Amino acid sequence: MDTDLNDEGRRQAQMFFNAYKSVPFDKIYISALKRTQQSIQPFIDLGIPYKKLSGLDELGWGIHEGKAATPENKAEFLQIMRDWLDGKLDEKFKGGESPNEVKIRQLEALKVIMGHPEEETVLICMHGRALRLLLCLLTEKPLTEMDTFPHQNLVLYKVTYDGAKYHIVDFNNADHLKQS
């Protein structure tokens, strides 16, 4: 769903900005969903160029998109998570996307990002499940291991690239959210 940030999201976005505003980002890449732009708008306001890539969008949850949690749909979510852990990576909810489908579009987005070697320090703002899948791609882990990458809103994963491999050098860092 293409929703706006709520008050808590705006507060967390400001805390993230306060912690990382001095990082000299060359470019920002965001999903096509407006809350990612809202999350990093203060960086854009500094004049840092940005690009929207739909390949960074959240995994589509189909018929469950934006629905309130019920015992029934919680059970369906648990089942699809088990399916994915079991390697059934083409499974999806009706009208949604599978991890394998997200992988295809993420590889295209990664090709765009990595096609600019002059951009040495980039900020990527995206969504939870999609982030987990991208981190699998970057670290060459099977997508079945996506849940080994925890996340919460506006945490930082710092990833470096040595020309051959990606390395996570800061894992799920939420220190900036602990400030008062």
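1. Helix H1 has a buried set made up of Gly-9, Gln-12, Ala-13, Met-15, Phe-16, Phe-17 and Tyr-20. Buried means under 20% relative accessible area, exposed over 50% and partly exposed in between, with a 1.4 Å probe and protein chains only. Helices (H or I, at least four residues) and strands (E, at least two) are DSSP runs, numbered from the N terminus. An α-helix has 3.6 residues a turn, so residues three or four places apart point the same way.

2. The model is predicted: local features need pLDDT of at least 70, side-chain atom pairs count only at pLDDT 80 or more, and totals for chains, interfaces and linings use all residues. Residues are numbered from 1 along each chain as its sequence is written, and side-chain values use heavy atoms, with hydrogens and water left out.

3. What do the buried residues of H1 pack against? Their partners are helix H2 (34-45), strand E3 (122-125), E4 and E5, where a contact means heavy atoms within 4.5 Å.

4. The length of H1 (residues 7-20) agrees with expectation, because its 14 residues should span 20 Å at 1.5 Å a residue and its end C-alpha atoms are 20 Å apart. The expected span is 1.5 Å times one less than the number of residues.

5. Ring pairs join Phe-16, Phe-17, Tyr-20, Phe-25 and Phe-43 into a cluster. Rings of Phe, Tyr and Trp (its six-membered ring) pair if their centres lie within 6.5 Å; planes under 30 degrees apart are stacked, over 60 edge-to-face and the rest tilted.

6. Over the whole structure the search gives twelve aromatic pairs. One of them is Phe-149 with Tyr-157, edge-to-face at 6.3 Å centre to centre and 75 degrees between the planes. Phe-149 is buried at 3% relative accessible area, and Tyr-157 is buried at 12%. Tyr-157 also pairs edge-to-face with Phe-171, with centres 5.1 Å apart and planes at 75 degrees. That pair links distant parts of the chain, 14 residues apart: Tyr-157 lies in strand E4 (residues 156-161) and Phe-171 in strand E5 (residues 166-173). Phe-171 is partly exposed, at 42%.

7. Disulfides, defined as cysteine sulfur atoms within 2.5 Å, number zero. Cys-125 is buried at 11% relative accessibility, and Cys-136 is buried at 0%.

8. The protein has five helices and five strands, in the order α-β-α-β-α-α-β-α-β-β along the sequence. Its radius of gyration is 16 Å, close to the 16 Å that the globule rule gives for 180 residues, so the protein is as compact as a globular protein of that length. The radius is taken over C-alpha atoms, and the rule is 2.2 Å times the number of residues to the power 0.38. Of the 180 residues, 43% count as buried.
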